[in-house]
Amino acid sequence: MPIPAAATAAKFPTTQWTVVLSLKAAEGSMAQAKAMRELCQAYWFPLYAFARHRGLQRQDAEDAVQSFFASTGDADFFQKAEQHKGKLRTFILTAFTRMLLDHRDRSLAQKRGGGVPHLSIDADQAEAWLLADPKSTEEDAAMAFERHWAKNIIRSVLAELEAEAELTPKSAARFQIVSRFLMPESCLDYTIRQAAADLDINVATCEKAIQRLRARFRQAVRKEVASTLNHPTEASITEEMIQLQKALIE
């Protein structure tokens, strides 16, 4: 899935580094709860998958993620995040790995929920995603985390674009057809000519619609990737886009 450099435009979520810092600044507020939900939504599945690849059973992996996000209510955690320079996912994965080591001989369930709202983890959906992914050993659990991080970004961006399209039943139906051409695996047996016929438009118009959505998709992915960097620059964003592509194909 080629994702060349492009101007950023999408906004999903706000800015993940801003989310982390707002958690520190707005302790106990509604803003903190909203920020925590955004952070959990972005990272719970990659962390769950990492734990499963490290050998934890379903319940233990779920408890580990719950325990991790409960522990982020500590001010020191956000102080470290503020001082960290680079990729947010690297900081989060490092902190999660340390927590797994610290809790190896403890009952993770004791901290489940902690000082934050209980996470809504769809373990069945998570397991379905894992089954659809190449099996990984403990040695490449970090690589699996990168892949799940990348896939989570794609899922999030697609959900955002779908929400934008659902203004009318017609536009929602149009999105379902045109969006099939965003990912190679979703249009293997579906041609642009077939899509044009299903949309009752000519092929040239259909091609333009696909091009517009692809451009919007690239912009949205780029914006999301930029939000995970402490000080995003064109060079660092492009580097992360390349890393995202590698994570998706490895």
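1. A charge sits over a ring if NZ of Lys or CZ of Arg is within 6 Å of the ring centre and within 35 degrees of the ring normal. Arg180 meets this description: it lies over the face of Tyr190, at 3.9 Å from the ring centre. Arg89 does likewise with Trp149, at 3.7 Å from the ring centre. Keep in mind throughout that this is a predicted model.

2. Now the overall fold. The protein has 11 helices and zero strands. Read from the N terminus, its elements run α-α-α-α-α-α-α-α-α-α-α. The protein has 250 residues, and 44% of them count as buried.

3. What forms the core? The largest nonpolar core has 62 residues. Those with the most contacts inside it are Tyr43, Leu47, Tyr48, Phe69, Phe96 and Val221. Helix H2 (residues 30-53) gives the largest share of this core, 12 residues. As background, nonpolar side chains tend to be buried together in soluble globular proteins.

4. Aromatic rings deserve a point of their own. A pair of aromatic rings is described by the distance of the centres and the angle of the planes. The structure holds seven aromatic pairs. One of them joins Phe50 and Phe96, with 6.2 Å from centre to centre and 65 degrees between the planes. That makes the pair edge-to-face, because planes over 60 degrees apart count as such. The pair links distant parts of the chain: Phe50 is in helix H2, Phe96 is in helix H5 (residues 88-102), and they are 46 residues apart.

5. Phe96 also pairs with Phe68. Their ring centres are 5.4 Å apart and their planes stand at 85 degrees, so this pair is edge-to-face. Here too, distant parts of the chain are linked: Phe68 belongs to helix H3 (residues 58-71), Phe96 to helix H5, and 28 residues separate them. Phe68 is buried at 2%, and Phe96 is buried at 0%. Phe50, Phe68, Phe69, Phe96 and Phe145 form one aromatic cluster.

6. Next, helix H10 (203-226). Does its length agree with expectation, or disagree? At 1.5 Å a residue, its 24 residues should span 34 Å. Its end C-alpha atoms are 35 Å apart, which agrees. At the start of H10, a side-chain oxygen of Asn202 reaches to within 3.2 Å of the backbone nitrogen of Ala204.

7. An α-helix has 3.6 residues a turn, so residues three or four places apart point the same way.

8. Look at Asp200 with care. It lies in the loop between helix H9 (192-199) and helix H10. Most residues other than glycine have a negative phi. Asp200 has 70% relative accessibility, so it counts as exposed.

9. Last, the cysteines. How many disulfides are there? The count comes to zero. Cys40, at 5% relative accessibility, counts as buried. Cys206, at 0%, counts as buried too.

Technical notes. Residues are numbered from 1 along each chain as its sequence is written. This is a predicted model: local features need pLDDT of at least 70, side-chain atom pairs count only at pLDDT 80 or more; totals for chains, interfaces and linings use all residues. Side-chain values use heavy atoms; hydrogens and water are left out. A nonpolar core is a set of buried Ala, Val, Leu, Ile, Met, Phe, Trp, Tyr and Cys residues joined through side-chain atoms within 4.5 Å. Buried means under 20% relative accessible area, exposed over 50%, partly exposed in between (1.4 Å probe, protein chains only). Helices (H or I, at least four residues) and strands (E, at least two) are DSSP runs, numbered from the N terminus. The expected span of a helix is 1.5 Å times one less than its number of residues. A polar contact is a pair of N or O atoms within 3.5 Å; within protein, one must be able to donate a hydrogen and the other to accept it, and residues adjacent in sequence count only if both atoms are side-chain atoms. A disulfide is a pair of cysteine sulfur atoms within 2.5 Å. Rings of Phe, Tyr and Trp (its six-membered ring) pair if their centres lie within 6.5 Å; planes under 30 degrees apart count as stacked, over 60 as edge-to-face and the rest as tilted.
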